[in-house]
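Biologist: Could you walk me through this one, cut-offs included? I'd like to ask about it piece by piece.

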Amino acid sequence: MTNEIAVSVRGLGLTYTTAIDRRPTLKARVKSLGRGGKQTRVIRALDEVNLDVTYGQVLGIIGSNGAGKSSLMRVIAGILPPSQGRIEVYGSVSTLLALGVGFNPSMSGRDNVYLGGLAAGMSRDEIDSHFEEIADFSELGEAIDAPMRTYSSGMYARLAFSVAATVRPDILIVDEALSTGDAKFKEKSLNRIKELRSDDRALILVSHAMATLEDVCNDVAWLHKGKLVQRGEPKVVINAYREFLQVGKSAAIDEDV
Amino acid sequence: MQVYEPFRAGLPPLRRYWKSLWSRRTFISEYSRSELREQHFDSAFGQLWLVLNPLLLSAVYFLLIVIISGSSNSTRYAHLTATLFLFYLVANSLTGGVKSITAGQRLILNTAFPRIMLPVSAVVIAIFKFLPTLAVFLVIRTVIGLPFSWQMLWAIPVLLITMLLALGLAVTISCINVYFRDISSFLPYMTRTLLYLSPILYEASDLKPQLRTLELFNPLFPILDSWSRALVHGQAPLTSHMLIGLGWAVGIFLIGTYFFLSREREFAVRL
């Protein structure tokens with residue numbers, strides 16, 4: 001393992017305001033005018049998180065729902081600006097977050113791969129050179145040229161994973177995308193992750209599949225309610241987390257369960 | 001190395017934003033191309049529909065003019081088509097732009113990029129849809145037998161002003177739609193009102209003096225009048241109209257872009 005830093009997170013805090021309604025409307029706002037009801041909610045997603053990821057590291061992130069795992073990934077990827085602290089990222093980042101590719105379902109898988117790549121800052125030639133491999137890996141066959149609204153959720157996930165894992169970034173962030181697809185593809189994507197492990201790459205995996213993380217990671221961080229609880233040897237941290245979950249279940253300490 | 005730090009309210013560093021936007025210009029062209037392809041505008045029939053739709057519309061409105069005013073002539077028809085086609089450039093930018101951010105949710109939640117790319121693409125698509133109708137207008141004009149003159153070149157700056165205005169409006173409304181998702185349902189009423197307030201079904205000079213104040217509130221009024229003077233009548237537009245139109249376009253563009261840029265960093269948590 002080299003000790004060159006890939007991602008450095010210092011004193012990261014993230015607070016944001018979001019709409020309570022999933023679909024805020026002017027109509028609803030006007031109707032609630034006299035009543036003074038609240039339209040937004042302040043969410044404290046991350047609090048004083050310090051985290052260094054070095055090249056060669058495969059970092060697993062665990063924690064219950066709402067622990068801030070996805071928020072942390074979005075901040076590292078530059079999608080959400082932090083409220084406090086400082087994040088330094090050394091190298092190209094490829095992200096496979098909750099939603100993956102496919103921003104326009106009426107366009108074909110091929111168009112979506114190109115648009116996603118271009119938006120991420122890749123050049124046409126770069127995407128051209130990777131496209132064959134992406135299509136092969138996803139095993140979509142002819143479907144790659146069909147509109148994405150005709151895809152099943154498994155096909156979506158397969159294409160998304162193929163894009164993120166094929167471009168060979170310096171830093172790859174995968175958020176809960178290992179557990180999608182059928183058993184065969186799951187194994188295939190896990191093997192790809194293992195292939196991608198190398199001294200000049202950093203991988204950050206968010207997952208609830210503890211056994212998988214124990215298998216591929218050489219480092220695990222445990223987040224709870226926006227705070228970093230423990231970080232270290234996969235076995236140790238995962239066991240601590242499992243124990244915590246057991247206790248939580250019986251004693252109802254963790255209200256998120 | 002990329003550094004992410006807390007941002008203060010207001011604009012992001014503009015130079016870096018522009019660099020990042022410019023490096024992704026192929027996204028804008030690729031997006032417009034796939035969008036047009038998806039709507040079948042790359043085929044002959046698709047192109048035909050693109051032209052047929054505004055032509056039918058102008059025929060219907062011409063019928064309305066003839067019935068209401070009792071008489072009409074070919075210049076009137078040329079005025080109607082010319083201004084209606086330009087109006088649809090703005091209207092299509094608005095309808096395409098309004099949902100550009102909310103529809104790009106997956107991309108916004110997964111990738112860091114200058115969000116303004118999305119409404120800009122919507123305007124580029126509207127411009128691609130406008131170009132064939134401009135060609136059709138020039139054919140109509142020739143068939144009717146209106147004389148050509150050098151003054152028609154004034155149409156170029158008028159078109160540039162219109163594009164800037166369309167861009168400003170699309171950027172503004174795409175941002176508003178993030179906070180109020182029902183703006184897109186109000187949009188048809190807004191564009192319809194704008195259509196009647198603009199010198200399309202009538203000429204600017206026909207407007208009753210007591211209604212003149214209406215033109216002060218409509219950015220399209222001076223622009224469409226200048227467009228008609230240049231393209232239909234082959235005259236130089238009024239300097240005052242060109243300046244007012246430019247003022248509106250620059251103003252809306254600057255305010256809308258400021259509004260958008262100072263808020264785009266929180267779009268990811270608002271979607």
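What follows is a chat about the folds of the two chains and how they meet.

Modeller: Before we start, this is a predicted model, where local features need pLDDT of at least 70, side-chain atom pairs count only at pLDDT 80 or more, and totals for chains, interfaces and linings use all residues. Residues are numbered from 1 along each chain as its sequence is written, while chains are lettered from A and ligands numbered from 1 in the order in which they are written.

Biologist: How much of chain A is buried?

Modeller: I call a residue buried if 20 or more other C-beta atoms, placed from the backbone, lie within 10 Å of its own; exposed is 12 or fewer, with partly exposed in between. Chain A has 257 residues, and its buried share is 41%.

Biologist: And which strands make up the open sheet of chain A, in order?

Modeller: Chain A has eight helices and nine strands, taken as DSSP runs numbered from the N terminus (helices: H or I, at least four residues; strands: E, at least two). Two strands pair if DSSP finds at least two bridges between them. The edges of the sheet are E5 (93–96) and E9 (227–232) of chain A, each pairing on one side only. With mixed pairing, the order of the six strands in chain A is E5-E6-E7-E3-E8-E9.

Biologist: Which residue of E4(A) is the bridge partner of Arg10(A)?

Modeller: E1(A) has antiparallel links to E2 (residues 40–54) of chain A, through 11 bridges, and to E4(A), through five bridges. In E4(A), the partner of Arg10(A) is Arg86(A).

Biologist: What is the bridge partner of Ile87(A) in E1(B)?

Modeller: Here the pairing crosses between chains: strand E4 (residues 84–89) of chain A and E1(B) run antiparallel with three bridges. For Ile87(A), the partner in E1(B) is Tyr4(B).

Biologist: Which element gives the largest share of the side of chain B that touches chain A?

Modeller: Contact means that two residues have C-beta atoms, placed from the backbone, within 7 Å. By that count the contact takes 42 residues from chain A and 33 from chain B. E1 (2–4), H2 (25–38), H6 (105–110) and H12 (267–270) of chain B each supply at least two residues of the chain B side. The largest share, six residues, comes from H2(B).

Biologist: Why is H10(B) described as largely enclosed by the rest of the structure?

Modeller: Helix H10 (residues 220–231) of chain B has 12 residues. Its buried residues, Trp227(B) and Arg229(B) among them, pack against H4 (74–98), H8 (155–179), H9 (183–197) and H11 (239–263) of chain B. H10(B) is largely enclosed because the number of its 12 residues that are buried is 12.

Biologist: How are H4(B) and H7(B) oriented to each other?

Modeller: Axes are lines fitted to C-alpha atoms, for helices over the stretch in contact, and angles between N-to-C directions run from 0 to 180 degrees. Under 35 degrees counts as roughly parallel, over 145 as roughly antiparallel, 65 to 115 as roughly perpendicular and the rest as oblique. H4(B) and helix H7 (residues 117–144) of chain B pack at about 170 degrees, with axes 8 Å apart. H4(B) and H7(B) are therefore roughly antiparallel.

Conventions:
The expected span of a helix is 1.5 Å times one less than its number of residues.
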